[in-house]
Amino acid sequence: MKYFLLLSILLLAGVKQIVADGAADDGSPETIDLDLGSFKEASRTDAETLKREEEAIKLDGLNVAQLKEIREKAEKFTFQTEVNRMMKLIINSLYRNKEIFLRELISNASDAIDKIRLLALTNRKELESNPELHIRIKADKENKVLHILDSGIGMTHQDLINNLGTIAKSGTADFLAKMQDPSKSDGQDLNDMIGQFGVGFYSAFLVADRVVVTTKHNDDKQYIWESDANSFSITEDPRGDTLKRGSIISLYLKDEAQDFLEEDTVRELIRKYSQFINFPIMMWSSKTVDEEVPVEEEAPKEEKTEDDVDEADEDAKVEEDTEDDKPKTKKVSKTIWDWMLINDSKPIWTRKPSEVTEEEYNAFYKSLTKDSSEPLTQTHFIAEGEVTFKSLLYIPKVQPSESFNRYGTKSDNIKLYVRRVFITDEFNDMMPNYLSFIRGVVDSDDLPLNVSRENLQQHKLIKVIKKKLVRKVLDMIKKIDKAAYEKFWKEFSTNIKLGVMEDPSNRSRLAKLLRFQTSHDKSVTSLAEYVERMKSKQEHIYYIAGANRAEVEKSPFVERLLSKGYEVLYLVEAVDEYCISALPEFDGKKFQNVAKEGFKLNESEKSKEKFETLKSTFEPLVKWLNDVALKDQISKAQISERLSNSPCALVAGVFGWTGNMERLAMSNAHQKADDPQRSYYLNQKKTLEINPRHPLMRELLRRVEADEADETAKDMAVMMFRTATLRSGYMLQETSTFADSIEKMMRQTLGVAQDEQIEFDEEDDDDADDVKSASSEASTNAEEDDEEQQHDEL
């Protein structure tokens with residue numbers, strides 16, 4: 001069937017050629033000029049130029065004699081069995097995304113142009129055949145063909161056999177090996193080529209059934225290479241030297257790959273993968289423009305006689321005649337086809353930082369991130385050492401509100417390029433989770449890629465790159481001025497605190513970036529500023545955690561500290577207490593949670609002696625609370641150093657949960673119904689600290705010394721324990737009992753008898769009787785059911 005179809009095509013082409021030969025004066029067949037390197041010709045849109053462009057890009061426009069000559073003279077080659085298997089592996093297994101083919105072919109075209117450019121450095125005549133250096137792409141929907149043209153070095157007959165006829169044969173690698181010969185290189189930097197593995201070209205078969213390559217090298221004739229992935233043929237182009245220099249790759253697309261003929265699809269793929277190629281990538285595209293065209297005038301109306309027109313009408317007529325003299329036009333939409341530049345963004349990260357302006361940095365950020373606002377700051381650097389790479393990183397002004405819902409998932413904020421060709425943005429190895437808000441690019445010449453160049457291999461160099469990136473980001477944040485840092489802290493404070501918990505190697509650097517509210521003033525302060533303001537003999541950094549500033553300011557744990565002029569950090573964000581718990585010390589000063597055990601003040605010897613006296617005085621009360629009144633509710637009772645105005649407070653153990661931590665644990669929606677660890681911490685008994693200076697405690701001591709069995713003293717001890725629980729930020733487990741106690745106290749205060757009953761309305765009495773009768777019936781039925789069950793068992 002294939003041969004019949006080919007024969008019919010040949011016959012149809014032959015009929016057309018006979019007619020063309022008869023119409024020609026000299027009888028010679030017309031040749032097609034494939035030189036698309038002229039920008040002036042390409043920008044013309046008249047009918048002649050359009051026809052020329054269509055013919056120039058259409059490779060099958062051969063007459064019968066030329067087609068016959070190609071078939072007869074073509075050298076037939078068959079891929080070896082092993083190579084054929086490798087081809088199937090490349091097509092079916094190597095690449096995940098079919099769209100990769102365009103990136104690979106454009107990269108090959110860029111390499112070809114780089115080669116001729118490097119050769120021209122020593123021999124300017126190499127560029128004389130075609131001085132333009134560009135890549136052009138055109139989609140032929142009618143014939144279902146996608147063309148990629150470059151004005152690069154081209155290939156000789158032997159290059160076609162060696163490079164396209166051999167799998168994993170990299171022409172770029174051979175070229176670099178020759179050029180980097182010390183006797184030939186002349187010290188040129190040649191590490192700018194993209195191709196590494198020699199398999200990128202065969203990605204064309206992901207989307208094409210047949211691939212045709214027309215190529216012209218300065219040192220050889222123009223050839224046509226054609227393959228269907230099973231075999232290939234090479235023949236001299238009968239049209240002669242129409243390309244001048246370069247190559248055209250024509251992909252005859254499969255039915256399922258027709259989407260790659262759409263302008264928008266191809267344009268987006270170019271911008272995604274090849275936006276920063278060194279050479280201009282032009283695409284044959286259409287655009288709609290509005291033009292002014294003249295309007296055909298209607299036949300003039302019969303004019304009035306001069307007798308019927310007065311002087312005013314004559315003046316008006318003169319004005320109308322003046323307006324009629326102007327040609328009348330109208331706007332008409334017109335579609336124009338022309339070569340349009342696609343890769344208009346420049347890779348500014350390849351330039352020196354001193355050469356890039358702030359406006360260029362901002363413009364590149366907007367094009368990279370599609371963000372309408374400017375970045376907060378950026379860092380641009382070149383890292384050298386075990387691995388060399390260039391990077392440009394930005395901090396946005398605003399963090400997306402849903403960012404923490406996706407925390408820990410793959411982000412696409414850092415884009416990886418290898419020699420300006422986009423590789424991937426789907427990895428977590430380049431930046432830790434807490435810095436996922438960083439936007440930017442990383443471009444390296446020697447990253448360890450897999451053969452398909454889609455993924456990074458797990459390699460020790462990745463850890464080196466990650467380490468350098470994190471250090472540079474932290475230095476960038478550190479250098480932000482104070483005014484801008486306030487904006488940064490409002491947006492990204494949680495990220496930095498999570499970093500303290502997740503990144504031990506950079507914990508000390510991150511600690512310097514922390515900011516907290518403080519009792520010193522209403523603004524936030526750094527830990528370094530707190531340490532500078534510490535008292536001379538102060539050994540700890542004091543802090544307290546709570547739901548908000550008002551709550552922690554009134555906490556009983558900070559009363560004595562504030563009265564003595566100590567500064568206390570207020571941790572009022574959910575992640576704050578976790579963050580400080582992961583930070584053992586700062587600048588040699590350890591952290592002290594004032595709501596936990598172990599709190600001590602460095603006071604004078606006189607104060608210490610007075611405190612010891614108070615401990616001995618209140619020892620009976622402490623023993624009574626431990627053994628009698630609150631035996632089952634507290635771990636122990638003791639005299640407090642931290643209380644000033646409150647009678648007592650509940651203090652967590654050194655490794656226990658504070659009230660704030662318990663509140664956060666209980667509010668966590670993502671937890672098991674019965675978590676043993678959570679239950680263990682929630683059910684831990686706390687230490688009750690009493691204030692020996694408070695009058696309630698002195699009265700309670702007097703009553704205990706008088707009668708340890710005093711019921712009123714026991715009730716007051718329980719009440720103070722419950723109020724201390726609430727005041728210390730914990731939750732009461734038996735709220736109804738606490739409410740009954742409060743009601744009992746209110747009755748005593750108001751002089752209401754404890755046994756005085758509640759008055760019910762008549763309707764309430766009837767409802768109560770109904771409830772009683774219903775309950776009696778239920779109990780009777782239950783007894784009958786029990787008797788029946790016993791009878792059945794017997």
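**A tour from strand to sheet**

Start by selecting Arg136: its bridge partner in β8 is Met282. This is a predicted model, in which local features need pLDDT of at least 70 and side-chain atom pairs count only at pLDDT 80 or more, while totals for chains, interfaces and linings use all residues. Residues are numbered from 1 along each chain as its sequence is written, and side-chain values use heavy atoms, with hydrogens and water left out.

**Stop 1**

Show β8, residues 281–294. Three bridges join β8 to β2, and the two strands run parallel. Strands here are DSSP runs of E with at least two residues, helices are runs of H or I with at least four, and both are numbered from the N terminus. Two strands count as paired if DSSP finds at least two bridges between them. Pick Glu292 to find one: Lys331 in β9 is its bridge partner.

**Stop 2**

Leu119 is partly exposed, with a relative accessible area of 22%. The scale uses a 1.4 Å probe and protein chains only: buried is under 20%, exposed over 50%, partly exposed in between. Draw a C-alpha to C-alpha line from Leu119 to Ile153: 9.0 Å in space, 34 residues apart in sequence.

Then bring in α10, residues 263–273. The α6 and α10 axes lie 10 Å apart, at an angle of about 65°. Axes are lines fitted to C-alpha atoms, for helices over the stretch in contact, and angles run from 0 to 180 degrees between N-to-C directions. The crossing is right-handed: the near helix is turned clockwise from the far one by less than a right angle. Which residues of α6 meet α10? Ile100, Leu102, Arg103 and Ile106 do, facing Val266, Leu269, Ile270 and Tyr273.

Step on to Glu128, in the loop between α6 and β2 (135–140). Glu128 is exposed, at 60% relative accessible area. Asn218 lies 90 residues away in sequence but 9.7 Å away in space, C-alpha to C-alpha.

**Stop 3: the cores and α13**

Select Ile395, Ile438 and Phe488. Of the 74 residues in the largest nonpolar core, these three touch the most other members. Such a core is a set of buried Ala, Val, Leu, Ile, Met, Phe, Trp, Tyr and Cys residues joined through side-chain atoms within 4.5 Å. Helix α13 (residues 460–478) supplies its largest share, 10 residues. A second, separate core has 58 residues, including Ile137, Ala204, Leu206 and Ile348.

**Stop 4: the open sheet**

Finish with three strands in the order β21-β23-β22, an open sheet with mixed pairing. β21 (634–639) and β22 (648–651) are at the edges with a single partner strand each, so one side of each has no neighbour in the sheet. The twist averages 25° from one strand to the next. Five bridges join β21 to β23 (residues 686–690), running parallel. Zoom to Ala637, opposite Leu688 in β23.

Definitions and conventions
Contact means heavy atoms within 4.5 Å.
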